[in-house]
Amino acid sequence: MTPKGGEGTSLLTSGLAGTVGIGFFVLLVLALEGLVAGFALPVPSAVLAMALLTVFFVWNGGVPAFVATGAGFLFRIFPLLFIPPLVGIVKLRDVVVAEWLSLLLVVTLSTVMGLLAAAAAYRMFHGRGRGA
Amino acid sequence: MSIPYIWLGVTVLLFALGDWLYRRSGGRVWFHPILLPTVLLVLLFLLKPGLFAAFEQDTNVLYAGLLAAVAALAVPLYRNLGVLRQEKAAVAAAIIGGSVAGVTSALGIIAILSADDALYGAVVSKSVTTPIAISIADGIGASASLSAATVILTGLFAAIFGPPILAKCGIDDDVGMGLALGTAGHAIGMAEAVRRSDVMGAAAAFAMAANGLATAVIVPLVWPLL
């Protein structure tokens, strides 16, 4: 049985590591925001951060523990983070009301087409690259 | 008098309630944890538009978290690079197929409906994440707000209805489902994929990034020819 104090300490350690990890991601994105704006790059700073971090992990041969813990915390609340931008659609009320039927049909039908085409293409080529 | 961060608290509570209902319902689509808070808050702000500014200010901290979470996708992406490398032909085919089918079908539907010309420019970037879509809209002279509306609605639809539609069509492979959600539903579809599994999240993150970057480069080049 894990002693209560040990459990508390490990929770505190993982909480601290998670906080440091989240802080690391936020600072990295903010730093890249300046780069993206300065060079007028056609890519959002967060997507650039994701690409650069992946390259770093490959070079490093692993993910530092505090970064992995921070990522784990963020993924648990990922859908929550999307609620404010989704609610922000109220600012586009006039556009949505004026074009509601076209928007509804275009969004639903073309998204279904996109989903099914992606999945069908994956299934068609699945397994072909193996053993090459 | 307004209580600081009251809307942050309301949003978190509604999300927790939505998540609880979703689990209690056994994962029914209409109880998706994004849907309840979004619908209730949108209805509230349509009735009381004056409250929206305070909501935007109070929940700003979640925006920083969202950017951090997108950057953090490098972790599952790195951990599952082996799976994606193993299936590189299928991964490329899924992203290209999903992207081309999504955009061409959207343009075709607008032509059939004889809808407003403004929609053409807005839908070409509907399956990429909002910041990229807005920069594409600026580049081709399309309406940024109409682009943002199609992006948000597309992501919401893909996240909520994508997994059951794919499952009904017999797609139960985590990589295949992740690629479809990331390609068609950008970051919102990807958030749903991350929630379901690490491998699905990694596939969706790669698809979202690759589709977003390719669309940002190709659309401004091809648009004058259309």
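The model is a predicted one.

**Stop 1: chain A**

Select chain A and colour by secondary structure. You will find seven helices and zero strands. Read from the N terminus, the order is α-α-α-α-α-α-α. Now look at burial. Of the 132 residues in chain A, 36% are buried. Next, consider contacts in chain A with a separation of 6 or more: 59% of them join residues 24 or more positions apart.

**Stop 2: A:Ala40**

Zoom to A:Ala40. This residue sits in the loop between helix H1 (4–38) and helix H2 (45–60) of chain A. Is A:Ala40 buried or exposed? It counts as exposed, because it has 7 C-beta neighbours inside 10 Å and the cut-off for exposed is 12 or fewer.

**Stop 3: the contact between the chains**

Show both chains and select the residues where they touch. Chain B gives 87 residues to the contact, and chain A gives 68. Which helix supplies the largest share of the chain B side? Select residues 88–113 of chain B: this is helix H7 of that chain, and it brings 15 residues. Colour the chain B side by residue class. You get 63 nonpolar residues, 20 polar and four charged.

**Stop 4: H7(A) against H10(B)**

Back to the opening question. The crossing of H7(A) past H10(B) is right-handed.

Now show side chains. On H7(A), the residues that meet H10(B) include A:Leu103, A:Val107, A:Thr111 and A:Leu115. Facing them on H10(B) are residues including B:Leu153, B:Phe157, B:Gly162 and B:Ile165. By class, the residues of this contact divide into eleven nonpolar, five polar and no charged.

**Stop 5: B:His186**

Finish in chain B. Select residues 174–196, which form helix H11, and pick out B:His186 within that helix. Its phi is positive, about 40°, although B:His186 is not a glycine. Is B:His186 buried or exposed? It counts as buried, because 31 C-beta neighbours lie inside 10 Å and the cut-off for buried is 20 or more.

Note on methods:
Residues are numbered from 1 along each chain as its sequence is written. Chains are lettered from A and ligands numbered from 1 in the order in which they are written. This is a predicted model: local features need pLDDT of at least 70, side-chain atom pairs count only at pLDDT 80 or more; totals for chains, interfaces and linings use all residues. Two residues are in contact if their C-beta atoms, placed from the backbone, lie within 7 Å. Helices (H or I, at least four residues) and strands (E, at least two) are DSSP runs, numbered from the N terminus. Ala, Val, Leu, Ile, Met, Phe, Trp, Tyr, Cys and Pro count as nonpolar, Asp, Glu, Lys and Arg as charged, and the others, Gly among them, as polar. A crossing is left-handed if the near helix is turned anticlockwise from the far one by less than a right angle, and right-handed if clockwise.
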